Amino acid sequence: MVSKLLILGGVAEAADLARKASVALKGKVEVITSLAGRLKHRPDIPGRVRFGGFGGVEGLIDYLKDEAVDFVIDATHPFAETISGHAYVACLSSGVPRLSLIRPPWQAPPHAKWIEMDSLEEVASALPRISRRAFLTVGKGGIEAFSTVKGVWFLVRLIEEPDAPLPLADYQLVTGRPPHTVESERALIDDYGIDALIAKQSGGHMGEAKIIAACEAGIAVVAVSRPPPEPGESVETAEEAMAWLKERLRQ
């Protein structure tokens, strides 16, 4: 009997896990990867791929039932609170085993100018006391929090060009898809005279280069703390998630 695995994606680990499961458990597990549907570019992912939301908790409960999903692995972004919360409630209600794949956060190197804050709004309020030229890497959805900041010029990086001008008083936009190199990140910092990096505490290797470059340059790193994860089992790597899945299949 073939089991069904639903991977809630949005980060590189989800695609990596889908590839591993499709190869190692071929004929044993059907893989469905669900992506948020916000980006034009999509990774090449084996198995079935769906885009967009489920229609809240009830919609996800219905999806789990209609698709006869046996396992759920939540490999969404550490800041994707809504879908992770929905997955927790839906799986608990449906009796579907759920695992969270949560990549470890970045660690501040010794002597780094590391500042951790609880929210984007807190960062925006404090930023004029920290920086005059900031490298903003918080994603399109986080930029609005900085719309009222005065006296700070922003270098904003997004994966894709936005559909409308950004709500910032003074900025320049660059686009680029990770991973980036430490050398290219350091060049941006030096070329634009950046004195502070603003980033969500996403963790993982894909965005690590900017953290390393900022620390090497001796500029402030302002990191927004992660929201607390949902209760339940969790692992940090796709390999550990595969081990969990194989153990579940043996039960």
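**A walk through the sheet and its helices**

Let's start with a pair of strands: β6 and strand β11 (residues 220-224) run side by side in the parallel sense, joined over four bridges. Here strands (E, at least two residues) and helices (H or I, at least four) are DSSP runs, numbered from the N terminus, and two strands pair if DSSP finds at least two bridges between them. Within this pair, glutamate 116 has alanine 223 of β11 as its bridge partner. Keep in mind that this is a predicted model, where local features need pLDDT of at least 70, side-chain atom pairs count only at pLDDT 80 or more, and totals for chains, interfaces and linings use all residues. Residues are numbered from 1 along each chain as its sequence is written, and side-chain values use heavy atoms, with hydrogens and water left out.

Zooming out, six strands make an open sheet with parallel pairing, in the order β6-β11-β10-β7-β8-β9. At the edges sit β6 (114-117) and β9 (171-175), each pairing on one side only.

Now for helix α6 (residues 208-217), which lies across β6, β7 (133-137), β8 (153-158), β10 (196-200) and β11 and runs at about 155° to β10. Such angles run from 0 to 180 degrees between N-to-C directions, with axes as lines fitted to C-alpha atoms, for helices over the stretch in contact. Ala209, Lys210, Ile211, Ala213, Ala214 and Cys215 of α6 are buried; buried means under 20% relative accessible area, exposed over 50%, and partly exposed in between (1.4 Å probe, protein chains only). Their cover includes β6, β7, β8, α5 (182-191), β10 and β11. After α6 comes glycine 218, with a positive phi near 75°.

Elsewhere, helix α1 (residues 12-24) packs on helix α7 (residues 238-250) at an angle of about 45°, with the axes 9 Å apart. That makes α1 oblique to α7, since angles under 35 degrees count as roughly parallel, over 145 as roughly antiparallel, 65 to 115 as roughly perpendicular and the rest as oblique. On the α1 side, Asp16, Leu17, Lys20, Ala21 and Ala24 meet Ala238, Glu239, Ala241 and Met242 in α7, where contact means heavy atoms within 4.5 Å.

Most residues other than glycine have a negative phi, and most peptide bonds are trans. Alanine 68 has a positive phi of about 55°, and at 47% relative accessibility it counts as partly exposed. Histidine 111 also has a positive phi, about 70°, and is exposed, with a relative accessible area of 82%. The peptide bond from proline 178 to proline 179 is cis, with omega near 5°; proline 179 lies in the loop between β9 and α5.
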